[in-house]
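Here is a short walk through one protein chain.

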Amino acid sequence: MFSSRRKATQLPWGDSRSFLPRKYSVFQLFFACLFLAFLSLLWLQLSCSGDMNQAGQGQELISSPKACPMEPPVSPEEDASWGPHRLAVLVPFRERFEELLVFVPHMHHFLNKKKIRHHIYVLNQVDHFRFNRASLINVGFLESGNSTDYLAMHDVDLLPLNEELDYSFPEAGPFHVASPELHPLYHYKTYVGGILLLTKQHYQLCNGMSNRFWGWGREDDEFYRRIKGAGLQLFRPSGIKTGYKTFRHLHDPAWRKRDQKRIAAQKQEQFKLDREGGLNSVRYHLDSRTLVSVAGAPCTVLNIALDCDAADTPWCTFD
């Protein structure tokens, strides 16, 4: 049958010869290897660089070149195309962590894609009073400091989906991103809730928002009157064709009941214009300021304990 032995492979130069002529020294071989390694690295660099992506006049490469080793990304502070302004995204918040886990990474990537310099501030109310969205936004304005020059009053349960929405610096006047024509729920003409952009100068001109609105609702309607009273023109998006599908609304009314109770004189007071209070009269204590990352998206959580003057607004509690 077949022999159990395997024939040794006969090399073309025979057994008695070495692979290289003996006239080369070890040092010469070492430097030759270094030279070949240098040529290999040079070819690798050229083959993945942007210069190799152009194959002449109108020609295309058959296969795309390998990606070059990634260089450190250019930060917005170093890239002039991001513009000079910086947005403070102010998010009034209390016990809605499931929505927050979706909101922060979504907004961070959305604004980065639009090259909007920004920082997200989660305004977490930690006291035992009823929720006060307006006061939290006043605190967010004060605590965001001078590193930002305009703000977005932004609900945590409203996510922009259309990349044509404008989040740029609203120099001409307040810009209502979540306009009545686009918001999935609220469609009345004077609505300015959901997402509203203002320069910090314009917010100060309005004296911020009224601190008298404990519980859910009506603070936006009062702020609309402040905008008009300050002589500011309100702007809204144009040319957006996605209608009520422009935003994703995360709120589940069956799971999270809103505090819509009106206590004592609150029923009458909620329709009045607060001509004295606002940014200049908000009372609070900042328990902590913590920089956190949510799925790689940075934000600052401000734990805010609001104060209530029970003689002025006894409806801040249910007692």
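**Starting at Glu 143**

Not counting residues up to four places away in sequence, Glu 143 touches Tyr 284, Leu 286, Arg 289 and Leu 302. Touching here means contact, that is, heavy atoms within 4.5 Å. This is a predicted model, in which local features need pLDDT of at least 70, side-chain atom pairs count only at pLDDT 80 or more, and totals for chains, interfaces and linings use all residues. Residues are numbered from 1 along each chain as its sequence is written, and side-chain values use heavy atoms, with hydrogens and water left out.

Glu 143 lies in helix H3, residues 133–143. Helices (H or I, at least four residues) and strands (E, at least two) are DSSP runs, numbered from the N terminus. The side chains of Glu 143 and Arg 289 are joined by a polar contact of 2.7 Å. A polar contact is a pair of N or O atoms within 3.5 Å; within protein, one must be able to donate a hydrogen and the other to accept it, and residues adjacent in sequence count only if both atoms are side-chain atoms. Glu 143 has 18% relative accessibility, so it counts as buried. Buried means under 20% relative accessible area, exposed over 50%, and partly exposed in between (1.4 Å probe, protein chains only).

Now turn to His 106. Helix H2, residues 97–113, holds this residue. His 106 is partly exposed, with a relative accessible area of 25%. Leaving aside neighbours within four places in sequence, His 106 is in contact with Leu 159, Pro 160 and Leu 161. Leu 161 is 55 residues apart from His 106 along the chain, and their C-alpha atoms are separated by 9.5 Å.

Next come the cysteines. How many disulfides does a search of the whole structure find? The search finds one. A disulfide is a pair of cysteine sulfur atoms within 2.5 Å. Here Cys 308 is joined to Cys 316, with an S to S distance of 2.0 Å. The torsion about their S-S bond is about -85°, so the disulfide is left-handed. Cys 308 counts as buried at 10% relative accessibility. Cys 316 is buried too, at 2%. Cys 206 is buried at 6%, and Cys 299 at 1%.

Finally, step back to the whole chain. The chain has six helices and nine strands. Of its 319 residues, 41% count as buried. Among contacts with a separation of 6 or more, 76% come from residues 24 or more positions apart.
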